[in-house]
Amino acid sequence: MNRSLAFSQKWKQYLRPQVYKPFIIIHIFNIVQIVCGTNLFIFYSVDIISGFKHDGSLDINLTTILTSTVRVVFMAVSCVMLVWFGRRTVCISSGLGSGVSAVLIGTFVYMQNIEAWIIIGLVLVYVAFNTYGYFVMPPSMIGEILPSKIRCFAGAYIFTMNDIGMFCATKAFSSVARAVGIHGIFWIFGVSSLLCSLFLYLLLPETKGRSLVQIEEYFLQPNILWLTRNKWRQTSNTKI
């Protein structure tokens, strides 16, 4: 009886707003960034770059090396950005930059009459924006907004589902690429990045400079959107 009661109480904690709200936000962030091309571009970079229509002036190997170099550099840049900028700024700007550049890449590849260096430049911009935010922040945010009591279990679940989603996306990539073309792939990356930015703009709280207690207090508030937090605070004495 006592064991059953303890088990019931343990699972009830997952139904508290300071638990399920951040869990849903970070879970969706981790899943959607798969469709944004964060890791898919790494796995299929040679195939993607080879799919660009070009006149032979494009060095595929050099371009692949450049994209890898940009990714490494901007992983280091993200460490500096996280010191000076808020998490919302990093995540949203990453999605906007990578989204716009991916849409432009898809459009230019579809047009087929754009200079190769313009497309490659946009690819490097896409990789740069995508790396410092969408590549770095999803796992980092797990430790910042999930309550410590459920972080171990919830984090393991999110990573597991993320790996399953990544496996499915990796297996489906070749079929999707054949169906929609490389330009369609980048349109998917771009639209997904922009929608993810909108989602984060509406729901992701700013965690920089706030303790875990303050973050939990924020999620206890009745507001769902980050933008409406001030309206609620004006009618209460709760501080965040």
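Predicted model: local features only at pLDDT ≥ 70, side-chain atom pairs only at ≥ 80, totals over all residues.
## Contacts and overall fold

Residues are numbered from 1 along each chain as its sequence is written, and side-chain values use heavy atoms, with hydrogens and water left out.

The protein has 11 helices and 0 strands, taken as DSSP runs (H or I, at least four residues, for helices; E, at least two, for strands) and numbered from the N terminus.

## Burial

Of the 240 residues, 44% count as buried, that is, under 20% relative accessible area with a 1.4 Å probe and protein chains only.

## Nonpolar cores

A nonpolar core is a set of buried Ala, Val, Leu, Ile, Met, Phe, Trp, Tyr and Cys residues joined through side-chain atoms within 4.5 Å. The largest such core has 29 residues, and those with the most contacts inside it are I26, F29, M137, L146 and L200. At least two of its residues come from each of several helices, including α2 (17-35), α5 (60-84) and α9 (151-203), with α9 supplying the largest share, 6 residues.

Leaving aside neighbours within four places in sequence, L200 is in contact with F29, R88, C91, I92 and Y134. A second, separate core of 28 residues includes V70, V123, A128 and A177.

## Cysteines

The whole structure contains 0 disulfides (pairs of cysteine sulfur atoms within 2.5 Å). For C91, the nearest cysteine sulfur, that of C196, is 8.1 Å away, and C91 counts as buried at 0% relative accessibility.

Notes
Buried < 20%, exposed > 50% of the residue type's maximum accessible area, 1.4 Å probe, protein only. Contact = heavy atoms within 4.5 Å.
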